[in-house]
Every structure is written in structure tokens, then in C-alpha cells.
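Open the model in your viewer and keep the selection tool ready. Each stop names what to pick and what to look for.

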Amino acid sequence: MFEKLGIVTNIWAEEIANGASFDELMVEFGANGFKDIEVREGDYLRNSDFGQLIEELEIAMSVYTDAEFRTLCDAVWTKQPYQTKHVTLFEAIAGFTQKASGLTLSYAMSHSWLSRATDTETDTQQIIKAKKLAYLLCPERPRLRLVDLDTEGDIDASAAIANLKHYAALLPEYPMVFAVENARQTATLTLKLAVAGGAKLTYDETNTYRADGTTVNPPAEFWRAVEMTDLTSVHFKQKTETGVLSEVGDGYVDFRAIAEHLKTRHYTGDLLLENTPTAHSLQDALRSREYLLSC
């Protein structure tokens with residue numbers, strides 16, 4: 001199971017801050033067997049070589065209809081002829097897709113989906129843009145994940161579900177997996193809202209643990225509630241009283257128990273590593289994979 005472990009790109013944040021290339025890290029991790037790569041939005045990404053390409057692309061998007069942009073995405077990946085008003089930009093994108101050949105890329109960002117939007121149109125346009133980026137990264141298997149790091153306290157469940165239904169319905173001509181992750185809220189509540197809103201769940205058991213090792217909700221409660229068809233991805237990182245570790249090892253999270261749940265219930269989604277960033281993320285990832293394989 002863990003031999004197919006992938007990664008979330010925010011583990012590269014320190015290296016990119018020190019001048020490393022996003023593209024080169026992607027190629028290096030792919031060559032070491034990490035084939036599923038979730039591109040996580042953030043300042044580190046925007047400051048990278050690929051982030052600059054994304055910013056140019058976001059500006060260019062408005063020039064094309066939804067159908068035209070999808071056609072461009074498909075053509076770049078399949079190396080078919082295409083017409084574009086941004087020749088240099090799409091040549092650079094074609095170069096990126098060539099480096100990403102053999103990898104499965106997805107896109108994830110922070111977004112306050114648990115709260116009612118103060119500006120509905122701006123909120124809608126943010127999701128449309130994100131869906132187009134997710135499609136560009138992998139037209140064959142596009143996936144967009146949202147994580148809400150801001151909403152706390154009591155949740156307006158009806159507003160959260162309405163948001164998810166609205167987001168899922170946007171750009172129907174861009175079919176993709178749409179998912180949310182448990183963060184500040186309990187995994188059980190996030191699961192319930194995701195299912196009601198027509199979204200899949202990305203599960204991170206580490207997020208259920210407080211600094212002292214107590215849980216926001218017991219993992220057993222989540223595993224009793226979840227169906228494997230509700231899950232699209234499972235994230236792995238470890239937490240102790242010192243915080244989230246730079247490589248997976250012993251700590252609060254019982255990886256053997258998670259592996260048993262997934263294996264016996266025939267889980268088919270991906271498994272993604274999300275360690276705390278360091279200047280040697282590949283070594284951390286390789287040691288983490290070794291540890292997980294021992295589980």
C-alpha cells in the first residue's frame with residue numbers, strides 16, 4: 001500500500017524559499033516513486049518558477065471561453081496542435097507538462113467553504129479559476145481539494161452544504177473530483193457535510209489531535225462513519241507534543257490502524273505525505289515511506 005505513497009508540495013516550502021525549482025523537485029520526487037503529487041496553493045508556490053507561470057495563466061484565462069481553455073489544456077497534454085493568443089505562455093506550460101509526464105497532479109487551496117461568502121461573485125470566480133487550474137494539471141483525472149483553516153466555532157451546516165453544492169455544479173464541462181479536508185472541524189462533521197454537499201473527503205487523522213495528544217473527535221468514531229467511496233485521499237504526517245514532525249515516525253497517530261482500515265475495506269484513493277518542510281524533504285519523504293512500509 002505505502003509503496004504508492006505520494007506527496008503534497010507544501011513539504012517543499014523551505015527548499016523553494018532557498019531557491020530550489022518547483023519543476024526540478026517535482027521531477028526528482030517522481031523519479032523516486034512519488035507519482036501522486038498534490039500542488040498545494042500558498043506563498044511558497046507563488047514564489048516558485050511554476051507559481052509565476054500560474055499567475056500568468058490566471059491573467060490569460062479571461063481571454064478564452066471555458067470551452068476554449070479546456071481545449072487548450074487537452075491539446076497541451078496530448079501534444080495536439082492548438083491556437084492560442086499566448087504562444088510563449090503555452091510553450092512554457094507544454095514544457096511543464098512534459099516534465100510531469102507519468103505523474104498524477106491535483107490542486108488544493110485554502111478556502112472558507114464552511115462559512116457563507118460575503119461576496120458571492122468573487123467567491124464563485126475563485127472556485128472557477130481553481131477548477132481550471134486543477135483541470136490543467138491533470139485533464140485525465142482532475143481533482144480540486146479545499147481546506148477551511150479559518151472557520152471556527154459553531155458551523156452553519158446549511159450554508160456549508162449549499163456552498164459545496166454550488167461549487168460542485170460550477171463548470172460542468174470540466175468533470176473532476178471535488179473534495180474537502182477535515183482541518184479545524186472534526187473529521188466526522190466534515191465527512192457529513194461533504195457527503196451532503198456532493199463532495200469527497202480528504203482525511204488527515206493528524207488534524208484530529210491536539211498538542212497534548214487528546215483528540216477533537218476519536219478516530220474510531222470517524223472510521224465507523226466513513227464509507228471508502230466517500231474518500232478520495234488520505235494524508236499522512238505525524239504529531240507529538242512538539243508539533244507536526246518533519247518525517248513520519250512514532251507519535252500520536254497510529255498508522256498501522258489506518259493501514260488496516262484502508263486495506264481491509266479496499267480503499268482505492270491515493271495516499272499523500274505532508275511532513276513539516278525542511279531543507280532535505282526528499283530524504284524525509286524516503287525515510288517516512290520506509291517507516292510506513294514497516295506498518
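Start with phenylalanine 236. Leaving aside neighbours within four places in sequence, phenylalanine 236 is in contact with Phe2, Leu5, Val248, Phe255, Ile258, Leu262, Leu271, Leu272, Leu273, Glu274 and Leu292. Keep in mind that this is a predicted model.

Now widen the selection. The largest nonpolar core has 85 residues, and Trp12, Leu231 and Phe236 touch the most other members. Helix 7, residues 120-137, gives the most to this core, with 8 residues.

Next, select lysine 237. Its side chain meets that of aspartate 204 in a salt bridge, at 2.3 Å from N to O. Aspartate 204 sits in strand 6, while lysine 237 is in the loop between strand 7 (231-236) and strand 8 (239-240), 33 residues apart. Aspartate 204 counts as buried because its relative accessibility is 0%. Lysine 237 has 9% relative accessibility, so it counts as buried.

Glutamate 274 lies in the loop between strand 10 (270-273) and helix 12 (281-294), so the pair ties together parts 37 residues apart in sequence.

How many salt bridges does a search of the whole structure find? The search finds 15. Pick out the one between glutamate 38 and arginine 143, where the closest N and O atoms are 3.9 Å apart. Glutamate 38 belongs to strand 2 (36-40) and arginine 143 to strand 4 (143-147), so this pair ties together parts 105 residues apart in sequence. Both glutamate 38 and arginine 143 are buried.

Move to threonine 202, in strand 6 (residues 200-204). Threonine 202 is buried, with a relative accessible area of 0%. Not counting residues up to four places away in sequence, threonine 202 touches Arg145, Ala179, Val180, Glu181, Asn182, Thr232, Ser233 and His235.

Then step to glycine 198, which follows helix 9 and has a positive phi, near 80 degrees.

Last stop: phenylalanine 96, in helix 6 (residues 87-99). Is phenylalanine 96 buried or exposed? It counts as buried, at 4% relative accessibility. Beyond neighbours within four places in sequence, phenylalanine 96 is in contact with Phe22, Asp23, Met26, Phe50, Leu105 and Leu137.

Technical notes:
Residues are numbered from 1 along each chain as its sequence is written. This is a predicted model: local features need pLDDT of at least 70, side-chain atom pairs count only at pLDDT 80 or more; totals for chains, interfaces and linings use all residues. Side-chain values use heavy atoms; hydrogens and water are left out. Helices (H or I, at least four residues) and strands (E, at least two) are DSSP runs, numbered from the N terminus. Buried means under 20% relative accessible area, exposed over 50%, partly exposed in between (1.4 Å probe, protein chains only). Contact means heavy atoms within 4.5 Å. A nonpolar core is a set of buried Ala, Val, Leu, Ile, Met, Phe, Trp, Tyr and Cys residues joined through side-chain atoms within 4.5 Å. A salt bridge is a side-chain nitrogen of Lys or Arg within 4 Å of a carboxyl oxygen of Asp or Glu.
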